[in-house]
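Take a moment with the sequence and the model below.

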Amino acid sequence: MMELRPDSAASWGGRPAEPGAVAPEPSEVRVKLSELPDGLAVRVEGGQHGICVARVGRDVYALVDRCSHQRWPLSDGEVSASDLTVECTKHGSTFSLRDGSPSCLPATRPVQVYQTRVEGDEVVVTVQ
Ligand code: FES
């Protein structure tokens with residue numbers, strides 16, 4: 001698993017939520033496009049649980065880096081460019097890169113997906 005640090009000072013990742021805390025405002029995490037190998041998943045710090053960023057050709061997808069089954073990091077998993085999924089290496093569930101939905105057991109709940117856009121040579125992930 002590759003791990004990248006965000007360039008953005010606006011990142012709020014890694015902080016645990018406190019009881020009664022108000023959800024933070026959306027923030028942006030920036031990653032150099034050149035640091036995202038085509039067809040692989042990369043962990044980027046951001047959000048509450050890290051971000052799994054996957055590049056497939058010219059498209060870049062971002063999901064919470066935590067499987068909905070038993071919280072395994074999805075950035076450890078293999079990306080399928082044909083199915084647009086990432087596989088959890090712990091028990092084999094696959095998740096859509098587009099909407100986070102699981103396509104096979106044991107996971108039954110989707111994972112959160114984040115919006116991405118490319119600005120020049122950077123990918124901007126909007127984390128909510
Ligand atoms: S932890 Fe991901 S499928 Fe079980």
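Two strands count as paired here if DSSP finds at least two bridges between them. Keep that cut-off in mind. This is a predicted model.

Start with the overall make-up. The chain has ten strands and zero helices.

Now look at strand S5, residues 59-64, and strand S9, residues 113-119. They run antiparallel and are joined by two bridges. That count meets the cut-off of at least two, so they pair. At this pairing, Ala-62 of S5 faces Tyr-114 in S9.

S9 has another partner. Five bridges link S9 to strand S10, residues 122-127, again antiparallel. Here Val-118 is opposite Val-123 in S10. S9 and S10 form a hairpin with two residues between the strands. In that hairpin, Gly-120 adopts a positive phi near 65°.

Next comes an open sheet. Three strands make it up, in the order S6-S7-S8, with antiparallel pairing. Which strands sit at the edges? They are S6 (79-80) and S8 (94-96), and each pairs on one side only. S7 covers residues 85-87 and pairs with S8 over three bridges. Thr-85 stands across from Ser-96 in S8.

In general, strands of a sheet pair through backbone hydrogen bonds, either parallel or antiparallel.

Finally, step back to the whole chain. Of its 128 residues, 33% count as buried. Take the contacts between residues at least 6 apart in sequence: 47% of them join residues at least 24 apart.

Key:
Residues are numbered from 1 along each chain as its sequence is written. This is a predicted model: local features need pLDDT of at least 70, side-chain atom pairs count only at pLDDT 80 or more; totals for chains, interfaces and linings use all residues. Helices (H or I, at least four residues) and strands (E, at least two) are DSSP runs, numbered from the N terminus. A residue is buried if 20 or more other C-beta atoms lie within 10 Å of its own, exposed if 12 or fewer, and partly exposed in between; C-beta atoms are placed from the backbone. Two residues are in contact if their C-beta atoms, placed from the backbone, lie within 7 Å.
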